Amino acid sequence: MATYDWFFDSVGLRGWCDEGGADGPMTMADLLAKTRGQETETSLWDVPFPSLDALHDSCKAVPQSRDLTQGLEAGFLGIRDALRVVIDPLTQPLSWMLREMLSLMTQSPWWIVIPVLLVIVWAVARSWKIVGFIALMIGLLAFVDHYHEAMQTLAIIFVCAAVCVIVGVPIGIAMSRSDRMQRMVIPVLDMLQTLPPFVYLIPLIFLFSVTEPKLYGIAIILYAIVPVVRLTDLGIRLVDKDVIEAADAFGMTNRQKLFGVQIPLALPNIMAGVNQTIMMSLAMVVIASLVSAPGLGVLVLRGIRNLELGVGLVAGFGIVVLAIGLDRVTKASLARIDASQANR
Amino acid sequence: MEKTNDIKVSIRHLYKIFGADPQAALAHVKAGVGKPELLETYNHVLGLQDINVDIREGRITVIMGLSGSGKSTLIRHLNRLIEPTAGEVLFDGENILEWNDARIRDLRRKNMSMVFQKFALLPHRTVLENAGMALATRGVARQEYQAEATRWLDRVGLQGLGDQYPHQLSGGMQQRVGIARALASNSDIMLMDEAFSALDPLIRTDMQDLLLELQAELHKTIVFITHDLDEALKLADHLVILNDGAVVQQGEPQHILLHPNDPYIEDFVADINRARVLRVRSIMREGEIDGAFSGDVDHEANLESVIARAEGALDRRYRVMRGETPVGVLEMPDLMRALVPRRASAA
């Protein structure tokens, strides 16, 4: 006799209950109760919450909680093939880009890669101090034989951050121009930001093969795209209303306004978003080593798995050094943009 | 100065109501509901109420009112930055409210330029690029608009500053860039929204003089918004006084000063230095001069200069001259009477 029998009896659903009585496999709790022998009358103190499982005890037609998780899984597996037909070709370029970038940065000799990186740093930051700092930083990592892993991590970050900017900035612009679009996108961004990163690794593993780089590529992009979208939207919305009105009053088209006024004036905010996006992709690239992302994260993971304290700490320190370097370079370019419109 | 009295833009029965359902509120307003009642009962704000103004070509029309009187809203209807609830805006006889976006854009690019209270320059462009903004918007390449933009920058007194950025200039200089930007578009109409209100008094006087000087040369059709009566009287050929979204009185500024038709305007003009603002032509007696006179005065001279000339004596009479021709006579007692504000209620 289960707790909620009286409910189904009194509302006259007993017939329906017994009809749907195809009993599934026993739960562990049932099994334990059975081995203990007799069913005892439950006291008021022990009345269970009318959950799916408790109701199932009284009425076999009510599904159990495990049917929910199983249903979700079956549902996902059911649409998986259809999803793959759409998503696989769409995301294939990401795999190519990641593979090419990884091989480019790790196969090329170090005496080409390091100078090229330093030239890029100079082009972005225009400061010899920063260039010197980055040279020191790469030199340090290479000196302790972490050069290869550091380059792998950097390659992944470059590709993912670039994709984030290419996809995120237009989304941000669209949000800034339409309140409805903003209302639709913000909950998605909130979800991406609050969902623990491990959680969206799970469906991705089902969707793609673990050997494909796009698996971790997508995970990193989903995690890191949020700030650049948000700050692009914010930046464009914060552009001085008077200046926009002047642009209107002189007959600018929407396109002239967007590229001639709004984006240039929103650039400091957009660059702040890019900085955050790069930092977040660095954070995620470590977690993504769980799903075969190469780089410093793998060493950290090894440190955890095998309790190799030194390996984990050195690799972790390497990540910190990379983070500081990336942050300095993007901040320097941000400061350069800010200086050109200091009066805002 | 003698230009045709053609009407360039005319505003007809213009209403603007802010709120959720302006058309329904418009019906209430036309049925006689006032501004406070509309806000209280129907939760709509009456922005503009039955505005009729003719803006004549080549003249400065000043629209004056305190903040909240709807003057900035009104000027934005002229180039349709704001859409009216009802009414017409006729540009050369055509109702621009029926025009499509492309045509409005063309109007804004070629026929109407605007100067803003907060300058609204593009902070990321140089002064030269800002001055050439209207031309660049039309698709003119930099090499081609450079000469034109530099010419107007020189004209407003900003020689050699073309490569600076706006934030490197003072407020007054930034507004000169704003004026150069409007002039460089070569539009025949200039809309000036409280253009000098953000400047300090000395700079403001300079800018007013600059505007009058430019106007004497260029004869643009200017619509000027201000909350400052002194500024309005100095610049206006035609003065429109707004209060609570309705025109209280409009006409020639001297006429309004001498014949206010509303207590609101009487209060307004009470603090004005009348001797400096009123001109001889407004209070002289027209016609042939009979008898002796003490001397000649110009018809545009202000009363202050006449009092100084008469050394305060009340028994003088002056012949009023327009150029070389006598046009009337000025009696000192008339002058003294004009110095005391006349109450519409007492008249």
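## Domains of chain B

Chain B is divided into domain 1 (57-84 + 101-272) and domain 2 (275-339), with bounds that come from an automatic or database domain assignment. The C-alpha centres of domain 1 of chain B and domain 2 of chain B are 34 Å apart. Five residues from domain 1 of chain B and five residues from domain 2 of chain B make up the contact, where two residues count as in contact if their C-beta atoms, placed from the backbone, lie within 7 Å.

On the side of domain 1 of chain B that touches domain 2 of chain B, the largest share, three residues, comes from helix H11 (residues 253-258) of chain B. That side of domain 1 of chain B has four nonpolar, one polar and no charged residues. In this scheme Ala, Val, Leu, Ile, Met, Phe, Trp, Tyr, Cys and Pro are nonpolar, Asp, Glu, Lys and Arg are charged, and the others, Gly among them, are polar.

## Basis of the model

The model is predicted: local features need pLDDT of at least 70 and side-chain atom pairs count only at pLDDT 80 or more, while totals for chains, interfaces and linings use all residues. Residues are numbered from 1 along each chain as its sequence is written, and chains are lettered from A and ligands numbered from 1 in the order in which they are written.

## The four-stranded sheet of chain B

In chain B, four strands form an open antiparallel sheet in the order E2-E1-E4-E5. Strands (E, at least two residues) and helices (H or I, at least four) are DSSP runs, numbered from the N terminus, and two strands pair if DSSP finds at least two bridges between them. Strand E2 (45-56) and strand E5 (94-95) of chain B each have a single partner strand, so each of these edge strands has one side without a neighbour in the sheet. Strand E1 (residues 7-18) of chain B runs antiparallel to E2(B), and eight bridges join them; Val9(B) is placed opposite Ile55(B) in E2(B).

Helix H1 (residues 22-30) of chain B packs on this sheet and touches E1, E2 and strand E4 (86-91) of chain B, with a direction at about 100 degrees to that of E1(B). Helix H3 (residues 71-78) of chain B also packs on the sheet, touching E1, E2 and E4 of chain B, and its direction makes about 55 degrees with that of E2(B). Axes are lines fitted to C-alpha atoms, for helices over the stretch in contact, and the angles run from 0 to 180 degrees between N-to-C directions.

The loop between E4 and E5 of chain B holds Asp92(B). Asp92(B) is not a glycine, yet has a positive phi near 50 degrees. With 13 other C-beta atoms within 10 Å, Asp92(B) is partly exposed; a residue is buried with 20 or more other C-beta atoms within 10 Å of its own, exposed with 12 or fewer, and partly exposed in between, C-beta atoms being placed from the backbone.

## A hairpin in chain B

Strand E9 (residues 238-243) and strand E10 (residues 246-251) of chain B pair in the antiparallel sense through five bridges. The bridge partner of Ile241(B) is Gln249(B) in E10(B). Two residues lie between E9(B) and E10(B) in this hairpin, and Asp244(B) in the turn has a positive phi of about 50 degrees.

## Contact between the chains

The contact between the chains involves 18 residues of chain B and 19 residues of chain A. On the side of chain B that touches chain A, helix H4 (101-110), strand E6 (112-115) and helix H6 (133-137) of chain B are the elements that give two or more residues. H4(B) gives the most, with four residues. By class, this side of chain B has eight nonpolar, five polar and five charged residues.

## Chain A

An unreviewed UniProt entry annotates residues 108-125, 130-148, 154-176, 188-209, 215-232, 278-301 and 307-326 of chain A as "transmembrane region"; UniProt positions are given in the numbering used here, feature names are shortened, and annotations may be inferred rather than shown by experiment. Residues 188-209 of chain A are 82% helix and 0% strand, with end C-alpha atoms 25 Å apart. Residues 215-232 of chain A are 100% helix and 0% strand, and the end C-alpha atoms lie 26 Å apart.

Arg177(A) is in helix H8 (residues 147-177) of chain A and is partly exposed, with 15 C-beta neighbours inside 10 Å. Leu307(A) lies in the loop between helix H14 (296-305) and helix H15 (309-340) of chain A. Leu307(A) has a positive phi of about 55 degrees and is exposed, with 9 other C-beta atoms within 10 Å.
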